[in-house]
Amino acid sequence: MAAMPALPPPLRFIVTGCAAAAVHFAVVKLLVDGTGMRPLVANVLGWLTAFGVSFGGHYVWTFAHQQTHWRHALPRFFLLSASGFALNELAYAFALRYSPWRYDVLLALVLVGVAVGTYVLSKLWAFRGTAS
């Protein structure tokens, strides 16, 4: 049986990002529907949980070819992810306040919107190797 061809980094980013977004989304759904937690509070816990999935996947798979040490990449990716999450939370708060759509639909839209910028900045900055 032939080995599956390696996916290019943009597709690896999508797969890893989808896994992290699914964790984020599931945590928010469980907390809101299961405990009655407010969506914006649950969103913080969802992001914190998904961060490990995201960093781990991107470090060992998406951007492994860039050979960046985790001590170099982790603080950069955390700053990038936290900034993206701040944008996510602001957009989500605005959408929850002014849109008639359900909280889970709005969360899905916001997660996809922030992902594009995260890819570009991850590739060009967070997982870029140190200068030789």
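**Exercise 1. Salt bridges**

Which residues are linked in a network of salt bridges?

*Solution.* The model is predicted, so local features need pLDDT of at least 70 and side-chain atom pairs count only at pLDDT 80 or more, while totals for chains, interfaces and linings use all residues. Residues are numbered from 1 along each chain as its sequence is written, and side-chain values use heavy atoms, with hydrogens and water left out.

Step 1. Apply the criterion: a salt bridge is a side-chain nitrogen of Lys or Arg within 4 Å of a carboxyl oxygen of Asp or Glu. By this rule there are three salt bridges. Side chains of opposite charge can pair when their charged atoms come close.

Step 2. Take lysine 29 and aspartate 33, whose closest N and O atoms are 3.0 Å apart. Both residues belong to helix α1 and are four residues apart, about one turn of the helix. Here a helix is a DSSP run of H or I with at least four residues, and helices are numbered from the N terminus. An α-helix has 3.6 residues a turn, so residues three or four places apart point the same way.

Step 3. Lysine 29 also forms a salt bridge with aspartate 104, with the closest N and O atoms 3.4 Å apart. This pair links distant parts of the chain, since aspartate 104 is in helix α4 and lysine 29 in helix α1, 75 residues apart.

Step 4. Aspartate 104 meets arginine 102 in a salt bridge as well, at 2.9 Å from N to O.

Step 5. Join the pairs: Lys29, Asp33, Arg102 and Asp104 are linked in a network.

Step 6. Classify the accessibility, where buried means under 20% relative accessible area, exposed over 50% and partly exposed in between (1.4 Å probe, protein chains only). Aspartate 104 is buried because its relative accessibility is 8%. Lysine 29, at 26%, is partly exposed, and arginine 102, at 55%, is exposed.

**Exercise 2. Nonpolar cores**

*Solution.* Step 1. A nonpolar core is a set of buried Ala, Val, Leu, Ile, Met, Phe, Trp, Tyr and Cys residues joined through side-chain atoms within 4.5 Å. In soluble globular proteins, nonpolar side chains tend to be buried together.

Step 1. The largest such core has 13 residues, and those with the most contacts inside it are Val28, Val32, Ala42, Tyr92, Tyr103 and Leu107. Helices α1 (9-35), α3 (70-98) and α4 (103-126) each supply at least two residues of this core. The most come from α4, with six residues.

Step 2. Another core, of twelve residues, lies apart from this one and has Phe13, Phe63, Phe85 and Tyr119 among its members.

**Exercise 3. Aromatic pairs**

Characterise two aromatic pairs by geometry and accessibility.

*Solution.* Step 1. Rings of Phe, Tyr and Trp (its six-membered ring) pair if their centres lie within 6.5 Å; planes under 30 degrees apart count as stacked, over 60 as edge-to-face and the rest as tilted. The count is 15 aromatic pairs.

Step 1. Tryptophan 47 and phenylalanine 78 have ring centres 5.8 Å apart and planes at 50°, so the pair is tilted. Tryptophan 47 is in helix α2 (residues 39-62) and phenylalanine 78 in helix α3, 31 residues apart. At 12% relative accessibility tryptophan 47 is buried, whereas phenylalanine 78, at 40%, is partly exposed.

Step 2. Phenylalanine 77 and phenylalanine 127 also form a tilted pair, because their centres are 5.3 Å apart and their planes at 50°. Phenylalanine 77 is in helix α3 and phenylalanine 127 in the segment after α4. Phenylalanine 77 is buried at 1% relative accessible area, and phenylalanine 127 is buried at 1%.
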